[in-house]
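Hello,

Here is the structure I promised to pass on. Please open it alongside this note; my findings follow below it.

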Amino acid sequence: MDTFISLALIAVGFVLLIKGADYLVNGASSLAKRFNASDIAIGLTVVAMGTSAPELVVNLISGAKGANDVVFGNIIGSNIFNMFLILGLAAVIYPITVQKNALWKEVPYSLAITVVFWVLVNDKLFFGAETNEASTIDGIILLALFLIFLVYVFLNMSNGGSESTTDDEDIELYGSIKTTVLIVVGISGLAFGGQMIVDNAIKIAESFGVSQRLIGLTILAAGTSLPELATTAVAAFHKKSDLAVGNIIGSNIFNLLLVLGATAVFNAPLTFDTVLNTDLYIVMLGTVLLFLFMFTFNKYKLDRVEGGVFLLGFVAYMIFLFQRL
């Protein structure tokens with residue numbers, strides 16, 4: 001009976017996610033039009049923060065409970081889901097155009113911070129320490145990099161942003177109150193829906209004796225990535241490429257810098273299992289592939305074929321993951 005209740009709550013969570021994503025995309029697009037900011041700038045900030053809310057909540061709770069494998073597995077797994085499954089699916093739905101600004105700045109920054117994080121948590125390899133962990137200092141470094149990213153995005157917004165690939169005529173401009181309500185309700189739906197799905201998925205998984213690391217890399221990563229999936233899919237259906245790309249790149253940056261940075265500051269030290277290095281390499285590979293794909297077939301566009309490659313890569317990763325664990 002408990003299993004059926006959990007399944008029902010998961011279904012309710014899905015409804016909250018989808019509707020929350022719809023409200024958030026509409027509200028964020030209206031906000032972008034009202035302030036003459038590019039959709040990708042809004043995607044990199046408001047939408048990315050909203051869709052990263054479940055990761056932040058789950059990680060702070062997991063870190064407080066000492067579930068370190070869940071902390072790292074959740075974020076690394078979420079970034080893999082974002083890059084391979086969600087971006088791939090979005091490209092299959094509708095080919096995604098990537099702005100030159102995002103290609104040469106945001107995408108490389110996402111790769112760079114992944115490398116920085118890899119160095120910070122591999123203390124034995126790089127610093128000769130006795131343990132591999134994320135310390136309070138590491139958390140402060142990640143948060144500092146996050147602030148640098150925010151400053152860059154807002155400076156870009158104040159300069160009018162780069163050219164947008166979205167047709168402004170397709171964006172409905174709401175009043176200030178309605179825009180705010182849409183964004184707040186959207187973020188709330190994503191956060192509560194994601195949390196309901198994760199909580200009940202964990203209950204079902206634990207009844208079968210699944211390990212924390214597997215839960216973090218699969219069920220938790222999938223559950224907390226559902227907001228990104230819902231938001232990006234809706235943005236792709238609406239042919240809002242900038243919002244779709246900005247959401248994924250922004251979410252990956254938020255996950256590594258804000259979520260893990262805050263978790264480390266409040267719950268350090270967080271012991272890091274070097275088995276997860278392989279998963280970090282996969283995140284790096286996905287980011288490099290996104291960059292390279294911009295110069296194949298149609299330039300500055302992620303085509304359906306390339307989206308299919310990402311989806312096949314995700315399937316291969318899932319097979320590898322279950323064979324390894």
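Start with Thr 114, which touches Leu 256, Leu 280, Val 283 and Met 284, leaving aside residues up to four places away in sequence. Thr 114 sits in helix H5, residues 100–121. Its relative accessible area is 2%, so Thr 114 counts as buried. Bear in mind throughout that this is a predicted model.

Now the core. The largest nonpolar core has 84 residues. Which residues have the most contacts inside it? They are Phe 72, Ile 76, Ile 96, Phe 117, Leu 260, Leu 290 and Leu 302. Helix H10 gives this core its largest share, 13 residues. A second core is separate and has eight residues, including Val 58, Ala 67, Val 70 and Ala 205. In soluble globular proteins, nonpolar side chains tend to be buried together.

Helix H10 also holds Asn 247. Is Asn 247 buried or exposed? Its relative accessible area is 0%, so Asn 247 is buried. From Asn 247 to Ala 268 is 21 residues in sequence and 28 Å in space, C-alpha to C-alpha.

Ala 268 deserves a look of its own. The peptide bond from Ala 268 to Pro 269 is cis, with omega near -5 degrees. Pro 269 lies in the loop between helix H10 (241–267) and strand S3 (270–271).

Ala 268 is also touched by Thr 136. Thr 136 touches Ala 264 and Val 265 as well, not counting residues up to four places away in sequence. Thr 136 is in helix H7, residues 136–158. It counts as partly exposed, because its relative accessibility is 36% and the buried class ends under 20% while exposed means over 50%. Thr 136 and Leu 147 are eleven residues apart along the chain, and their C-alpha atoms are separated by 17 Å.

Tyr 300 is not a glycine, yet it has a positive phi of about 60 degrees. Find it in the loop between helix H11 (277–293) and strand S4 (301–302). Tyr 300 is buried, because its relative accessible area of 18% falls under the 20% cut-off.

Finally, the overall picture. The protein has twelve helices and four strands. A compact globule of 325 residues would have a radius of gyration near 20 Å, and the protein agrees with this at 19 Å. Its C-alpha atoms fill a box of roughly 55 × 50 × 35 Å along the principal axes. Of the 325 residues, 55% count as buried. Take the contacts between residues at least 6 apart in sequence: 83% of them join residues at least 24 apart.

Best wishes

Conventions:
Residues numbered from 1 in each chain as written. Predicted model: local features only at pLDDT ≥ 70, side-chain atom pairs only at ≥ 80, totals over all residues. Heavy atoms only, no water. Helix = DSSP H or I, 4+ residues; strand = E, 2+ residues; numbered from the N terminus. Rg over C-alpha atoms; globule rule 2.2 N^0.38 Å. Buried < 20%, exposed > 50% of the residue type's maximum accessible area, 1.4 Å probe, protein only. Contact = heavy atoms within 4.5 Å. Core = buried A, V, L, I, M, F, W, Y, C linked by side-chain atoms within 4.5 Å.
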